[in-house]
Structures are given as structure tokens and as C-alpha cells.
Amino acid sequence: MTEEHSSPIKTPKQLVIVVLLAFIVPIAVAVMISQLVTSGEHGAGENENIVLSRIQPVGSVVIAEASAPKGTQSGEQVYGTVCKTCHEAGLAGAPKFGDKAAWAKVIAEGDKVAFTHAIGGFKAMPAKGGNSDLTDDEVKRAVAFMANKAGANWTAPAVTATAAAPAAAPVATAAAATPASAAAAPAAAPSAASAAVATGPADGKKTYEATCIVCHGAGIAGAPKFGDKAAWAPRIKTGTDALMNAALHGKGAMPPKGGNTTLSDADVKAAVTYMVAAVK
């Protein structure tokens, strides 16, 4: 006779163990596989610089400077922003714009003498009208412009520099391409259409040196001299609002905004604040 097949489970205890293992083993295997797949954040052990280089944008936007190229202002432009302060009203002996009698002596001396005086300074007039950023040719153009309006026939230096690209046009510069950055989505690059020119805070010192110094540097036409506490005391006593109003709208011999109407109100107020701070 053949021996009958016998089950390895002989006791109830063995049966319970087998049943439990049938549930526990699959669950344990599933947990270990899940941990193996999800354990550890991708790239967590990478060098920080490597990670940053991989996720950096593929390009950047550069906004061109808003100012015109140096040395390209016309005589009329320089007159309107610098010379007008004194020459429009004939302050401190400056020959008044368009006054042929006042300009007669200057014209008689010739353009070379007039150019030298305007560039280096003469009597009450500071060098380059107080704006050291002007080039010699820009000053010469302004002098020729004023003299010609009074009857002269002087030739001004030509503007040779080419105009710069429009200031508002952003220029995209490509970043170095790497296998990682090449895979980056296009949306990571800044949008040129959304770029805007940022304007910095008003610079009182810069405005003073470009415009106000013409009169306040030497105390011309009753202007309180820069740094002179005694001269500024009665002005300061009137209060900040009165000072700002006079600077913006003019008072006495001082024209509105010091004669430079291209200045913003913020620029003028910053210049007043700068001059007041110098005597406190």
C-alpha cells in the first residue's frame, strides 16, 4: 500500500502560525518595496552650488540706462538745464539770453575767449556752469547757442556720438547652457514685456552740484551760500514747507526749480534737504 499524503500542519498552533505568516509576509514585503522607492529626497545630498546652477533661469533681462550718451547734448539742451538758471534773468552779471547789448562785449572778444571762460569759470560763473558732468564740447555748444541768439555767428562743435538704443528696450542675455539648464522649462526665463525701469531715490547732492551750486555755491543774487549757517538761519526758521515751496515755485531772484524745469519735485526737495542738512 502507498503511504497517504500527510499535511505538515500537525497541531492547531502550527495552523495559527501559518495563517499569520500568510498575512504578515506580503505586507512586510510591500512596505520594504515602498520605502526603497520613496526613501531619500532626490538631490538632497548634492552640493548647493550644483543645485542652484541646475535650476537657474536660462536668460536674464538687462535694462539700458535711461540717460543719453555723454557729450551728445545740444547747445539748447545744455542751456535749458544749466545755463538758463542765471542767463535767463541775467543774474550776477550774466549776459541775459537774447539781450544783444549785454552780449556785445562777449561776442567782440570772440568765441575762443568765451569758450575758455565758460569751461574754466569766470568771475561769478563757476566752471561749466556748475555742472562738471558736461563735456567741453557741450559747454561750447551752449555758449554758441546763446551768443548766436544775440547776433553772433559762431560755429558749435558737432555732435558726433550716435544715439544709444532706446532706454526702455530690454536686452536679453543668454546664460551658459548646461545639460541640466537646457531641460528647464521656458517659463523660468523672465518676461521682457514685464520688465520695468527702476528709478532710484532722488539724490540731493547730485541735484545741488548740477543745478543749485550755480547760485548757492557762491551766494549769488542773495542766495544763501552752501554751508553758511547765518545765511540759512532765517530761511530755516520759516519752516520746511515754505522752503520747499520757494524752491519749487521760485522766490525773488530764484526761478522755479532753480531754472532747471526738467527736475522732478522729488529732486528739488532732495536738494533743499541736502543744503539744509549741511548747516545743521
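I began at the end of α10: Gly-250, just after this helix, takes a positive phi of about 90°. I am reading a predicted model.

Next I looked up α10 itself, residues 240-249. Leu-243, Met-244, Ala-246, Ala-247 and Leu-248 are buried there. I checked what covers them and found that the cover includes α9 (229-237) and α11 (265-277).

Then I turned to the largest nonpolar core, which has 19 residues. Cys-83, Val-143, Met-146 and Trp-154 touch the most other members. I noted α3 (75-87), α5 (111-120) and α6 (136-149) as the elements that give two or more residues to this core. α6 gives the most, with 7 residues. Another core, of 14 residues, lies apart from the largest one; I listed Tyr-208, Ala-271, Val-272 and Val-279 among its members.

I went on to the aromatic pairs and found 7. Phe-115 and Trp-154 are edge-to-face, because their planes stand at 75° and over 60 counts as such. Their ring centres are 6.1 Å apart. Phe-115 sits in helix α5, Trp-154 in the loop between α6 and β2 (170-174), 39 residues apart. I looked up burial: Phe-115 has 9% relative accessibility and is buried, and Trp-154 is buried at 13%.

Phe-226 and Tyr-274 are stacked, with centres 5.4 Å apart and planes at 25°. This pair joins the loop between α8 (204-216) and α9 to helix α11, 48 residues apart. I found Phe-226 partly exposed at 27% and Tyr-274 partly exposed at 26%.

Last, I noted that ring pairs link Tyr-79, Phe-97 and Phe-145 into a cluster.

Definitions and conventions
Residues are numbered from 1 along each chain as its sequence is written. This is a predicted model: local features need pLDDT of at least 70, side-chain atom pairs count only at pLDDT 80 or more; totals for chains, interfaces and linings use all residues. Side-chain values use heavy atoms; hydrogens and water are left out. A nonpolar core is a set of buried Ala, Val, Leu, Ile, Met, Phe, Trp, Tyr and Cys residues joined through side-chain atoms within 4.5 Å. Buried means under 20% relative accessible area, exposed over 50%, partly exposed in between (1.4 Å probe, protein chains only). Helices (H or I, at least four residues) and strands (E, at least two) are DSSP runs, numbered from the N terminus. Contact means heavy atoms within 4.5 Å. Rings of Phe, Tyr and Trp (its six-membered ring) pair if their centres lie within 6.5 Å; planes under 30 degrees apart count as stacked, over 60 as edge-to-face and the rest as tilted.
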